[in-house]
Amino acid sequence: MSSDTSVHCIVVTPERTELDAQCESLKLPMYDGELGILPGRAPMVGRIGFGLLKLQSATGEQSWFVEGGFVQVTRDGVYVLTNRLLKPEQIDRKSAEEELQKATEMVANTPQTRSVKERALAQARGKLRISS
Amino acid sequence: MANIRQLDKRRKSVRNIRKITRTMELIATARFKKAMDRAAAATDYTKRITQIVQDLANSGASVSHPLLVAHDTVKAVDILVLTANRGLCGGYNGSLVRVAAQRRSEIQEQADAGQTSVSGKRGISAFRYAGIPIEKTYTEFDDQPSFDAVAKIADELIYRFVSGQVDRVDVAYTRFISSSKQVPVVETLLPFAGLDVSSPATVSSSTETQSTGQENKVRDDYEFLPNASAILQEVVPASFRARLFKCFLDAAVSEQIARMVAMKSATENAGDIIKGLSRTYNRARQSKITQEIMEIIGGVEALG
């Protein structure tokens, strides 16, 4: 951590570094639920699910939708690696519903295809949750 | 003399061409800068991924994933060729198609199946002309390839590889080495070899290098959620996607450079031609004037 009272949060997508901010605390949408990070968190590597990343700073709470990926907590900061970072407003309920529909219709008869389907389902459900 | 008018006409058209090529050069320069920035911005992600993989390896987790395992028998090989949608970029498309076609004929000697996918109109038409069948074509990638589109291709390749439909995936693209050197290469993407865990010193993130002094003493013991192997299951495909994306970015940057260089020399060449034409034009005009004077003098003398 960069200091004792703040967390340095960096969000990188394959295209670029989307966010580089200091905050008091943050909440990560892990694969199995929300995880809060306070200054001085022990080093960690974890999987992220589909949900809202919330940054709590002096000015208030800001949130973004993250689409899977990983988080690495080091002593310098919290690195979030995700495929996409979206503002919650950017998520369209209708298209999320369509995605869910598509994901449900996927054929899953092998372990590989099942994991692809599960991923698609989780993604669509995550989006739907945010948009409603 | 009609020759003079012809010369002037030609000079005018060369001038117009020079204007066009110069503009294209400027456009290519601007696009190159943009593409370059994008490529630079994308390295952060790859760096972090490598870091995570290294931490996983350091923590004692065995690095194994279906994508990393080479298949015993290589029966089907896919090849993906990344060319440009547009021409006028020197030998960029030509040399890449040559390299790719050569690799493809090599593949056909050892493997009897596999898909050939081509991105870019130029490559598509070159392969069609050579009579090489193409299974898939992509034309949506220009100077700024989007990750989403690349990820789709990557996911499909992953699926084909894991499900055993294909035993090796090659990609032919122009690798960007420096702004003065780009080489067309064919690389094997799958089985994936991009996770280099054997040499931790070569890749270390900027944050880690700052604290190298204490790094040796205080090793970070990472907590893995849910566990190291589950994370690895996700990291490897993500790393592969990033790798393929890098190929597209490299190809985009190289294309712009190739076009820049080609257009620069075209502009210079046009300048040389104009110079030559002007010289011949002036000479022709002068000789015409001289001839006319001679005729007038001759006429005057005949009168007198």
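# Where chain A meets chain B

Three bridges join β5(A) to β6(B), a strand covering residues 223-225 of chain B, and the two run parallel. Strands count as paired when DSSP finds at least two bridges between them. Within this pairing, A:Met44 sits opposite B:Glu223 in β6(B). What you are looking at is a predicted model, where local features need pLDDT of at least 70, side-chain atom pairs count only at pLDDT 80 or more, and totals for chains, interfaces and linings use all residues. Residues are numbered from 1 along each chain as its sequence is written, while chains are lettered from A and ligands numbered from 1 in the order in which they are written.

Now step back to the whole contact. It draws 24 residues from chain A and 31 residues from chain B; two residues touch if their C-beta atoms, placed from the backbone, lie within 7 Å. On the chain A side, at least two residues each come from β5 (44-57), β6 (60-73), β7 (78-81) and α2 (111-131). These labels are DSSP runs numbered from the N terminus, with helices (H or I) of at least four residues and strands (E) of at least two. The largest share, four residues, belongs to β5(A). By type, the chain A side splits into eleven nonpolar, nine polar and four charged residues. Here Ala, Val, Leu, Ile, Met, Phe, Trp, Tyr, Cys and Pro are nonpolar, Asp, Glu, Lys and Arg are charged, and the others, Gly among them, are polar.

Let's pick out one residue in chain A. A:Glu67 lies in strand β6 of chain A. Setting aside neighbours within four places in sequence, A:Glu67 is in contact with A:Phe50, A:Thr82, A:Asn83, A:Arg84 and A:Gln123.

And chain B as a whole? Chain B has seven helices and six strands, in the order α-β-α-β-α-β-α-β-β-α-α-β-α from the N terminus. Its radius of gyration is 29 Å, well over the 19 Å that the globule rule gives for 304 residues, so chain B is more spread out than a compact globule. That radius is taken over C-alpha atoms, and the rule is 2.2 Å times the number of residues to the power 0.38. Along the principal axes, the C-alpha atoms of chain B fill a box of roughly 115 × 50 × 25 Å. Of the 304 residues in chain B, 36% are buried.

Terms used:
Buried ≥ 20, exposed ≤ 12 C-beta atoms within 10 Å, placed from the backbone.
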